[in-house]
Amino acid sequence: MRPTATTAAAPSGDPSATGATAPGPPSGPGGPGSLTVVPARHPARWAAALAVAVLAAQFTHGLATNPVWEWDVFRGYLFSETIVQAVGVTLQLTACATVLGFLLGTVLAFMRLSRSPVLATAAWTYIWIFRSIPMIVQLVFWFNLSALYEELGLGIPFGPVLWSVDSDSLIGTIGAAVVGLSLHQAAYAAEIVRGGVVSVDHGQLEAAAALGIPRLRQIRRIVLPQAMRAILPAAGNEVVGLLKGTSVVYVMAIGELFYQVQVVYGRTGRVIPLLLVATAWYVVLTSVLSVAQYYVERHFARGADRTPPPTPLQRARRSLRALRAAAARRDRPVVPAATLRGENR
Amino acid sequence: MTLSKSPASPKGAADGTAGETDRVMVDVRGVHKGFGPLEVLRGVDLRVRAGEVTVVLGPSGSGKSTLLRTINHLEKVDRGWISVDGELIGYRRSGDKLYELKEKEVLRQRTRIGFVFQDFNLFPHLTVEENLVEAPVSALRRPRKEARETARRLLERVGLAGRAGTYPRQLSGGQQQRVAIARALALEPKVLLFDEPTSALDPELVGEVLDVIKDLARSGTTMIVVTHEIGFAREVADTVVFMDGGVVVEQGPPSAVLDNPRQERTRAFLSKVL
């Protein structure tokens with residue numbers, strides 16, 4: 001508010017002079033517009049900010065000067081072939097488990113919401129069990145699937161088997177990891193999707209039903225797009241969690257990022273820089289996901305607001321324009337206050 | 001009953017078939033409906049002839065909205081039956097048994113019955129045009145191009161030409177309700193049901209919605225309108241139905257029911273709202 005107040009006062013003469021000499025209450029002869037506003041002081045806030053700045057400087061200084069970080073080793077491995085390939089595996093695992101997990105999760109969510117008590121109970125049981133088993137335990141289970149069932153086959157239930165396959169060849173190590181991650185993810189995704197579906201106004205379904213829109217189409221076209229607004233923030237968390245969660249599959253000796261990093265430092269003994277390599281990649285990937293999430297959320301928010309908020313890019317462009325306008329103004333002698341405020345918007 | 005007729009043509013005679021006027025479009029017989037221990041409809045009988053406008057009045061809780069919702073099977077009836085244009089709603093009759101229809105068949109029946117909600121229930125994530133195109137394309141399998149042309153024509157008819165690309169929340173309440181009416185019309189229904197179409201609107205927006213409904217009435221659309229707008233009933237209705245306590249208390253032309261009510265309950269209600 002302060003700049004506006006002084007700006008508004010500017011055309012009426014020297015603001016500090018009138019402000020300093022005006023006696024009495026703000027509603028005095030000068031009027032409220034001609035008084036200078038002295039902002040409140042916050043010494044404690046300044047002290048705290050200073051402390052944080054000193055700590056940050058210390059930490060940065062340590063990063064740069066402490067030889068243990070071994071930045072040259074970090075640089076050497078960051079884009080090395082092994083590591084980049086491992087990042088690829090991590091991305092593959094994340095992508096597969098996200099897609100499969102959310103597909104299965106959506107089916108489970110609608111099973112839980114269905115009027116059939118059998119379907120609802122089955123979905124509830126699935127969610128109960130898979131949320132109860134730690135991911136690492138489940139992964140090792142899938143890894144040892146061949147011990148549990150040597151052969152997997154298709155046939156008549158409790159009757160003859162028509163086609164069968166050795167379980168080891170059907171589910172390789174990567175397959176076991178994808179299955180484990182997906183099944184685990186599905187249990188969480190189911191609850192997130194269900195939460196989104198329940199949040200959609202009941203009138204929407206009634207309107208769709210009154211228009212005779214087919215049931216599946218109601219879900220796909222009317223309910224899910226609106227549910228997405230509630231689903232996406234939680235789903236974003238899940239995908240980021242999954243990306244980092246893939247590091248758990250190192251127990252199955254799959255060459256994803258964390259496993260490869262361990263292999264390398266097991267051989268070279270350069271633990272800290274290689275952990276930094278993994279950290280850097282996880283941070284970059286998560287950042288990319290976060291940006292993607294922002295735009296996906298924006299897409300599904302269409303129609304929700306009368307005027308959608310600007311994207312960061314639009315905002316940056318706008319402030320750049322404002323800066324340029326301000327620079328141009330400096331050359332001009334006197335500008336009415338109303339115009340100033342208008343251009344700031 | 002559909003929109004192909006010119007808006008100016010007089011009611012009933014629009015098809016050029018005089019016999020049409022006597023055809024019963026909506027037939028409600030002995031309908032009972034309860035929610036738990038609460039009996040909302042207690043034996044409602046109602047006949048609406050093709051091309052007629054029926055306005056249903058009554059105090060809140062009298063079962064008006066529930067009756068309307070049973071006609072397109074948004075609510076299942078406990079007893080009695082309803083038919084629209086001779087077709088039983090929600091059931092198939094074989095001998096003296098009623099077989100419940102599958103959802104798919106109920107959905108098909110609903111495409112013949114337009115419904116306009118009190119709070120519009122437009123799809124907020126779809127543009128106005130997409131709102132109008134959705135059902136004809138997905139339920140009636142109309143080509144998208146044709147549905148889009150129909151949508152434009154209907155928007156023009158409700159006075160919203162040029163708003164096809166906007167989202168519902170960018171419109172005023174009155175405009176949203178007019179879009180909702182156009183959306184119901186897009187399926188070319190045999191009958192239009194209005195559930196208190198102006199109750200959620202600011203007073204100054206009520207007129208524009210009622211004007212659209214009046215225009216439909218003049219074009220010979222069969223309609224049942226639940227409303228509290230007595231003036232609208234007097235002007236537009238062929239039949240006024242007064243409901244209270246889950247039954248039809250009195251019905252007849254507006255001049256009879258509104259000006260010379262025979263029942264004490266009707267008189268009491270009218271004295272409060274007029």
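Here are some questions and answers about a predicted model with a chain A and a chain B.

User: How are residues, chains and ligands numbered or lettered, and what pLDDT do local features need?
Analyst: Residues are numbered from 1 along each chain as its sequence is written, while chains are lettered from A and ligands numbered from 1 in the order in which they are written. Side-chain values use heavy atoms, with hydrogens and water left out, side-chain atom pairs count only at pLDDT 80 or more, totals for chains, interfaces and linings use all residues, and local features need pLDDT of at least 70.

User: How many residues of chain A are in contact with chain B?
Analyst: Contact here means heavy atoms within 4.5 Å. On the chain B side, 28 residues take part. Their partners in chain A number 23 residues.

User: Which three residues supply 26% of the area that chain B buries against chain A?
Analyst: Buried area is the accessible area (1.4 Å probe) that two parts lose on being put together, summed over both. Chain B and chain A bury about 2,300 Å² between them, with 54% of it on carbon and sulfur atoms. The 26% share of what chain B buries is more than any other three residues supply, and it comes from B:Phe123, B:His125 and B:Arg169.

User: Which element gives the most residues to the side of chain B that touches chain A?
Analyst: Helices (H or I, at least four residues) and strands (E, at least two) are DSSP runs, numbered from the N terminus. Between the two chains, nine residue pairs are in polar contact, both at pLDDT 80 or more; such a contact is a pair of N or O atoms within 3.5 Å, where within protein one must be able to donate a hydrogen and the other to accept it, and residues adjacent in sequence count only if both atoms are side-chain atoms. Helix H2 (103-110), strand E8 (113-116) and helix H3 (128-138) of chain B each supply at least two residues of that side. The most, four residues, come from H3(B).

User: How many salt bridges does the rule find across the interface of chain B and chain A?
Analyst: The rule asks for a side-chain nitrogen of Lys or Arg within 4 Å of a carboxyl oxygen of Asp or Glu. A:Arg221 and B:Glu134 meet this way (2.8 Å, N to O). Another pair is A:Arg215 with B:Glu103, at 4.0 Å between the closest N and O atoms. Across the interface, the count is four.

User: Why does the pair of A:Arg215 and B:Glu103 join two chains?
Analyst: A:Arg215 counts as partly exposed at 36% relative accessibility, on a scale where buried means under 20% relative accessible area, exposed over 50% and partly exposed in between (1.4 Å probe, protein chains only). B:Glu103, at 40%, is partly exposed too. A:Arg215 lies in helix H12 (residues 215-245) of chain A and B:Glu103 in helix H2, so the pair reaches into chain B.

User: How far apart in sequence are the parts that A:Glu191 and A:Arg112 tie together?
Analyst: These two form a salt bridge, with their closest N and O atoms 3.1 Å apart. A:Glu191 sits in helix H10 (residues 173-199) and A:Arg112 in helix H5 of chain A, so the parts tied together are separated in sequence by 79 residues.

User: Is A:Thr311 buried or exposed?
Analyst: A:Thr311 lies in the loop between helix H14 (271-300) and helix H15 (312-331) of chain A. Not counting residues up to four places away in sequence, A:Thr311 touches A:Tyr294, A:Tyr295 and A:Arg298. With 8% relative accessibility, A:Thr311 counts as buried.

User: What percentage of chain A do buried residues make up?
Analyst: Chain A's secondary structure comes to 16 helices and two strands. Of the 345 residues in chain A, the buried ones make up 32%.
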